[in-house]
Amino acid sequence: MMLSVLPLKRAFRFKCSVQKPNPPFFNKTHLPLFTHHFCASHVAMCDGTEEKQGHISLQEWQGWGTTSPVPSMVTQIVEDLKDLEKNFDAQMSFGGHGGKLKGNLGIHEDKKHRATYQCLGDSEEKFKFYSARQIACRVLGSRGYLCQKCWLPREEDCMCSKVTSCMLWPGIRFWLYMHPKDFLRQNNTGKLLWQVFGVEAATLCLYGIPEHEEIMWNSFKLAGKDKIWCLYPNKGSVSKSVESAFSQEPLANYEVTTEKLKEDTTLHFILLDGTWSNSAAMFSRLQDQAKSVWGDEDLACISLNPGASAMHKLRPQPSWDRTCTAAAAVGLLSELQLLPQFTSIDLDKQAEAIEHALTILLEALTTRRLRMGRSITRKMRPTNSTFSQGNVLNTENVH
């Protein structure tokens with residue numbers, strides 16, 4: 001029995017209300033409460049400095065785990081919010097049910113963004129606007145509250161001092177293709193990959209953000225289609241196991257030599273980071289982008305063998321073919337380690353580093369929930385399609 005990796009998560013309930021478009025990439029999802037209150041103009045950032053005028057600097061943006069410039073549409077949305085704040089002589093404040101922009105300012109902003117959305121005739125532009133707005137609100141709403149590295153409340157639950165960094169073998173690179181609703185989500189596990197391996201070895205790519213998708217696809221073009229793999233159970237074609245995908249390759253193909261470092265022989269692995277319901281649209285977008293680059297062939301997919309991760313100790317998964325993003329990366333590295341060409345590069349130790357970070361995250365979230373008097377067990381849902389794949393606790397109550 002094979003485990004089809006679907007490293008997905010439920011959405012972070014730090015949304016600003018938005019009129020959802022009809023295209024399939026905006027499936028409905030239940031979001032948790034968020035009760036942090038703050039004023040965006042007068043809050044210190046995680047490194048102790050104050051961001052002038054509420055705008056997002058490059059330092060702040062990349063502090064959240066990104067490697068790109070500040071997306072232009074995110075910048076524009078933040079500037080629009082600041083202009084609205086100035087015009088109404090009121091400070092932005094997020095909090096309450098859903099962590100939405102509060103008060104009269106929130107009401108007027110909601111009307112304005114709906115009008116902007118309706119004026120965008122092209123579905124692609126609407127999609128990009130929706131994604132950028134989700135991300136802009138998350139950044140503004142998390143300043144001074146969440147640690148920029150671990151995305152946990154920095155004064156109470158920051159886990160960074162307990163996480164041990166580790167170098168990933170240079171022949172592998174992870175891409176975290178993340179839905180905007182999972183960006184800055186506290187129980188997100190994909191963030192652990194760049195916490196442990198660094199942003200160059202595990203790179204965040206935000207779904208629907210042109211600057212991020214361009215960086216990812218430029219790397220894929222240089223590497224070539226045969227070096228790109230997506231960990232996803234593609235029902236439209238056969239997903240390969242790790243053994244069938246790599247065991248037939250000559251050992252010399254994976255040896256790191258001075259000559260090979262002059263060319264890109266890196267294996268690129270895409271991990272989808274979103275809910276089960278959003279994953280189909282995310283994968284479809286990847287497929288469309290792949291076809292625009294390489295033609296009609298599907299993006300190659302990989303499935304993993306079944307196995308339990310640290311997450312199962314806290315919350316059993318609804319089925320063995322689903323796991324969180326971090327556990328998917330652990331499974332991939334562990335299976336590659338079993339192949340002859342990878343046995344000498346300590347992928348098992350690199351997998352253990354991620355497993356250790358996942359355990360730390362679970363402990364931090366558990367401690368927080370117990371301190372707040374909340375249950376640490378996940379409510380079972382009537383159908384598999386509603387289960388989250390990347391969260392580590394009941395998402396309706398995690399903050």
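Tyr 177 has 0% relative accessibility and therefore counts as buried. Buried here means under 20% relative accessible area, exposed means over 50%, and partly exposed is in between, with a 1.4 Å probe and protein chains only. Tyr 207 is also at 0%, so Tyr 207 counts as buried.

Before I go on, the ground rules. This is a predicted model, in which local features need pLDDT of at least 70 and side-chain atom pairs count only at pLDDT 80 or more, while totals for chains, interfaces and linings use all residues. Residues are numbered from 1 along each chain as its sequence is written, and side-chain values use heavy atoms, with hydrogens and water left out.

Now the aromatic rings. Rings of Phe, Tyr and Trp (its six-membered ring) pair if their centres lie within 6.5 Å; planes under 30 degrees apart are stacked, over 60 edge-to-face, and the rest tilted. How many aromatic pairs does that rule give? The count is 14. One of them is Trp 61 with Phe 183: the ring centres are 5.9 Å apart and the planes stand at 55°, so this pair is tilted. Trp 61 belongs to helix α1 (residues 58–63), and Phe 183 to the loop between β4 (172–178) and α5 (191–197), so the pair ties together parts 122 residues apart in sequence. Helices and strands are DSSP runs numbered from the N terminus, helices being H or I with at least four residues and strands E with at least two. Both Trp 61 and Phe 183 are buried.

Back to the two tyrosines. The rings of Tyr 177 and Tyr 207 have centres 5.6 Å apart and planes at 85°, so they form an edge-to-face pair. Tyr 177 sits in strand β4 and Tyr 207 in the loop between β5 (202–206) and α6 (210–223), so this pair ties together parts 30 residues apart in sequence.

There is also a cluster, in which ring pairs link Phe 174, Phe 197, Trp 229, Phe 246 and Phe 269. Separately, Lys 126 lies over the face of Tyr 117, at 5.0 Å from the ring centre. The rule for that is NZ of Lys or CZ of Arg within 6 Å of the ring centre and within 35 degrees of the ring normal.

Next, charges. A salt bridge is a side-chain nitrogen of Lys or Arg within 4 Å of a carboxyl oxygen of Asp or Glu. The whole structure has 13 of them.

Which parts of the chain does the bridge between Arg 371 and Asp 157 link? The N to O distance in this bridge is 3.1 Å. Arg 371 is in helix α11 (residues 347–371) and Asp 157 is in the loop between α4 (123–142) and β4, 214 residues apart. Arg 371 is partly exposed, at 43% relative accessible area, whereas Asp 157, at 7%, counts as buried.

A local case is Glu 85 with Lys 82, at 2.2 Å from N to O. Both are in helix α2 (residues 72–87), three residues apart, or about one turn of the helix. Glu 85 and Lys 82 are both buried. Salt bridges also join Glu 124, Glu 125, Lys 128, Glu 213 and Arg 285 into a network.

Some totals for the chain. It has eleven helices and nine strands. Of its 399 residues, 57% are buried. A contact means heavy atoms within 4.5 Å. Among contacts between residues at least 6 apart in sequence, 79% join residues at least 24 apart.

Last, confidence. pLDDT is the predictor's confidence in each residue, from 0 to 100. The chain averages 77, and 70% of the residues score at least 70. Where is confidence lowest, and where highest? The lowest mean, 38, is in strand β1 (residues 38–39), and the highest, 98, is in β5. Residues 314–318 stay under 50, and the model gives them 18 contacts beyond four places in sequence. Residues 383–399 are also below 50, with 87 contacts in the model beyond near neighbours in sequence. Where pLDDT is low, the predicted coordinates should not be read in detail.
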